[in-house]
Amino acid sequence: MTLLAPTGSGHPPPAPPAARSGRRRLLPYLLLLPGAAWLLIFFGVPLLQLAAASLYDPSGSLSTGYAMTWAFGNYPDVVQAYWPQLLRSFGYAGLALVLALLLGYPLAYAIAQKAGRWKNLLLVCVVAPMFTSFLVRTLAWKTILSDNGALVGLLRDVHLLAPDGRLLATPFAVVLGLTYNFLPFLVLPLYASLERLDPRLLEAATDLYASPAQAFRRVTLPLSMPGLVAGTLLFFIPASGDYINAELLGTPNEYMIGNVIDSAFLVRLDYPQGAALSFLLMAAILAVVFGYLRRAGTEEVL
Amino acid sequence: MTGMARETPAGDLRLANLTKRFGIFTAVDDLSLTIPQGSFFALLGASGCGKTTTLRMIAGLEEPTSGQVLLGDTDIARLRPYKRPVNTVFQSYALFPHLTIFENVAFGLRRRGIRSVDDEVTRMLSLVQLDGYGNRRPAQLSGGQQQRVALARALINRPQVLLLDEPLGALDLKLRRQMQIELKRIQTEVGITFVHVTHDQEEAMTMADTVAVMNAGRIEQQGAPADLYEFPATAFVANFLGQSNLLAGEAAGTSGGEVAVTAHGARFSVPAGRSRADRGPVHLGVRPEKLHLVGSADQVPQGHQLVTGLVTDASYVGVSTQYLLRTGWGTELSVFAANNGAEARVPVGSEAVAYWDPRHAFLLPRDAADTDRTTPVLDEPVGASS
Ligand SMILES: Nc1ncnc2c1ncn2[C@@H]1O[C@H](COP(=O)(O)OP(=O)(O)OP(=O)(O)O)[C@@H](O)[C@H]1O
Ligand SMILES: [Mg+2]
């Protein structure tokens, strides 16, 4: 993927003389080895295991054992049973992404281009929430949004919320939680891209009759595309598979596909179903990502 | 385009008391200039003297601390850059890396809502000899090619004023001369006012109608190239534009159209018309090529003035020989003798006499503490003192 490759000239140095080229050529593979082994053992094997589980006979159970019956019917079955949650996952993640972009782009831009000596401090502030656990942060939001919390009280007082209206246990709370929890994944790559943006290019654009809006559209935005693409993916992928926000900030009416998978594996102990849903989610995300990259990638960036 | 400051009835570009301070450092100091419409104006000066800052204020990229930028009779100093009929060829090129060369050049036209740009862009690319490069990216061009793209990108807009910040700096000599001729031709053809910043004196003198020499945020002198060279206004100009032998002396007033000067115990005179001071501490200046070298004082023609010394160095440079003559008081004067076969070569180590026609000398006011100055001002950064 050229989009995430570092900028600058990417030409490899000319081939070294033959004598040393054998070892030189092996070196990259040797460097790859630990990572490849790790992936094979901890990702490849479980993935195969999961693929197999998704095709087990659905009538089996943990206690009686599962029979491998190549039950492809598991897939249509889970789609039929859980398509609302699947759609909801992408709906919520998409909504959260839009919110995060509205918040995150200006934030990343300000930190990269305008913050001056406050840059590092602001970056730390963006990352700081990650120092506490995901769970704790989401629980904190549960307190903030709770029915007898100050926020709800205030909103009721100014009549932005009906007297019996609530924030917690609504789609709003779940989307808010997703936005908050994954925002840094969007902001950091965006920041990296915008940081490299040469302000003299913006001056040149203004000198060439571009209004500030046009300069943004024609120069800033295209040049921040690598970060934007990376950031949206890093945001969207975990957000659409997330189940903690829906679990803690929503009700079963807000459950996303992650919650269903969670309960399939840990509550209902229906392994074939859980595995099939997991694969389905993965396939759906891959489809979305590839569709997106094909569109965003056409305007080859740098 | 909204509010574009009057498209055609242009007028002169005038800078009035333009000042720019960065903190306590004054980069441009109360600068006033008039650049006639359609003229080719060259701004010369050592690195860091405020040339780029001046251009940036004209372009609107830097807000003046005080003063006005007038185009015709409208003050454009507070107008946003994209509303000024002014374009810049940036010192750093600032080409858009994500756009092709074609789109880079078309950028200005497109922003002004012009739809059919193909012909114009193609014409412009061939003008800067980059036909066929339209589909490349800036990173795929050499430095000189990028510079020409920057030129095309600005020129295509036919602004009222084109600001060129060392536009030819990265080109080799041959291409540089070619582009100079091309630039001059374009300028005369389209009648755009060019404000051209350069380190290359020769470039400034050959191309410009008017040359201004800038020093530490101020204009030291401006005028036709020959006027600046033949009769500089300050010691800085005398040694920035070419080289001068400046002897520290005392002027004793004008009599009979001549200013009498005493320097290092000898008496000289300079025509009043070539004197910028006639009393007190002065610099008596003679250009090295206006000095002639002979073996003894009796060979000096009538009416000329002379200094004797010891030849310490002679470098033969083909068209001329450049001598150093150490005077009795230790200053080394430069003498350029044309290699025209008329004058005999003077051997190093021999006593010699340098003489000149007083009409070729000039007299400049001098700070009392200042001594002889015979070396060119090096074109290197001026100190960041205010
Ligand atoms: N943004 C700024 N902040 C502080 N000082 C600045 C700034 N821009 C320029 N200066 C200072 O102002 C002075 C003039 O700078 P300027 O860029 O105009 O020089 P210049 O004449 O174009 O030099 P060069 O020939 O090297 O390009 C320099 O001493 C520079 O350090
Ligand atoms: Mg400069």
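**Figure 1. Residues around ligand 1 in the predicted model.** Ligand 1 is surrounded by 13 residues, and the closest of them are Ser47(B), Gly48(B), Lys51(B), Thr52(B) and Thr53(B). The view comes from a predicted model, as do the views in the other figures. By residue class, the shell around ligand 1 splits into four nonpolar, seven polar and two charged residues.

**Figure 2. Polar contacts of ligand 1 and its cover.** In Cys49(B), a backbone N or O atom lies 3.2 Å from an oxygen atom of ligand 1. In Gln91(B), an N or O atom of the side chain is 3.0 Å from an oxygen atom of ligand 1. In His199(B), a polar side-chain atom lies 3.0 Å from an oxygen atom of the ligand. On its own, ligand 1 has 640 Å² of accessible area, and the protein covers 63% of this area. H1(B) contributes the most, with three residues.

**Figure 3. The second largest pocket and its lining.** The space in the second largest pocket is about 510 Å³. The lining of this pocket has 21 residues, and the closest to the pocket centre are Lys114(A), Leu202(A), Glu203(A), Thr206(A) and Arg80(B). In chain A, helix H2 (74–114), helix H7 (199–207) and helix H8 (212–223) each supply at least two lining residues. The lining of the second largest pocket divides into 10 nonpolar, four polar and seven charged residues.

**Figure 4. Val213(B) in strand S9.** Val213(B) is placed in strand S9 (residues 210–215) of chain B. Val213(B) counts as buried because its relative accessibility is 0%, and the cut-off for buried is under 20%. Arg80(B), one of the residues closest to the centre of the second largest pocket, is 133 residues from Val213(B) along the chain. The C-alpha atoms of Val213(B) and Arg80(B) are separated by 28 Å.

**Figure 5. Arg137(B) and its surroundings.** Arg137(B) is located in the loop between helix H3 (118–127) and helix H4 (143–155) of chain B. With a relative accessible area of 24%, Arg137(B) is partly exposed. The side chain of Arg137(B) reaches the backbone oxygen of His98(B) at a distance of 3.4 Å. Pro97(B) is 40 residues from Arg137(B) along the chain, and the C-alpha atoms of these two residues are separated by 6.6 Å.

**Figure 6. Asn17(B), a residue with positive phi in a strand.** Most residues other than glycine have a negative phi. Asn17(B) is not a glycine, yet has a positive phi of about 50 degrees. This residue belongs to strand S1 (residues 13–22) of chain B. Asn17(B) counts as partly exposed, at 40% relative accessibility.

**Figure 7. Leu269(A), a residue with positive phi in a loop.** Leu269(A) has a positive phi of about 55 degrees, although this residue is not a glycine. The loop that holds Leu269(A) runs between helix H11 (257–266) and helix H12 (271–298) of chain A. The relative accessibility of Leu269(A) is 36%, so Leu269(A) counts as partly exposed.

**Figure 8. The chains behind the close-up views.** Chain A has 12 helices and zero strands. The C-alpha atoms of chain A fill a box of roughly 75 × 70 × 35 Å along the principal axes. Of the 302 residues in chain A, 40% are buried. Chain B has eight helices and 20 strands. For chain B, the box filled by the C-alpha atoms is roughly 75 × 45 × 35 Å along the principal axes. Chain B has 386 residues, of which 53% count as buried.

Notes
Residues numbered from 1 in each chain as written. Chains lettered and ligands numbered in written order. Predicted model: local features only at pLDDT ≥ 70, side-chain atom pairs only at ≥ 80, totals over all residues. Heavy atoms only, no water. Helix = DSSP H or I, 4+ residues; strand = E, 2+ residues; numbered from the N terminus. Buried < 20%, exposed > 50% of the residue type's maximum accessible area, 1.4 Å probe, protein only. Polar contact = N/O pair within 3.5 Å; in protein donor to acceptor, adjacent residues only side chain to side chain. Near = heavy atom within 4 Å. Areas by Shrake-Rupley, 256 points an atom, 1.4 Å probe, with all protein chains shown as cover. Nonpolar A, V, L, I, M, F, W, Y, C, P; charged D, E, K, R; others polar. 1 Å grid on protein atoms, 1.4 Å probe; cavity = no way out; pocket = protein on both sides within 12 Å on 5 of 7 lines; lining within 4 Å. Points joined across faces, edges and corners; volume = space filled by probe spheres on them.
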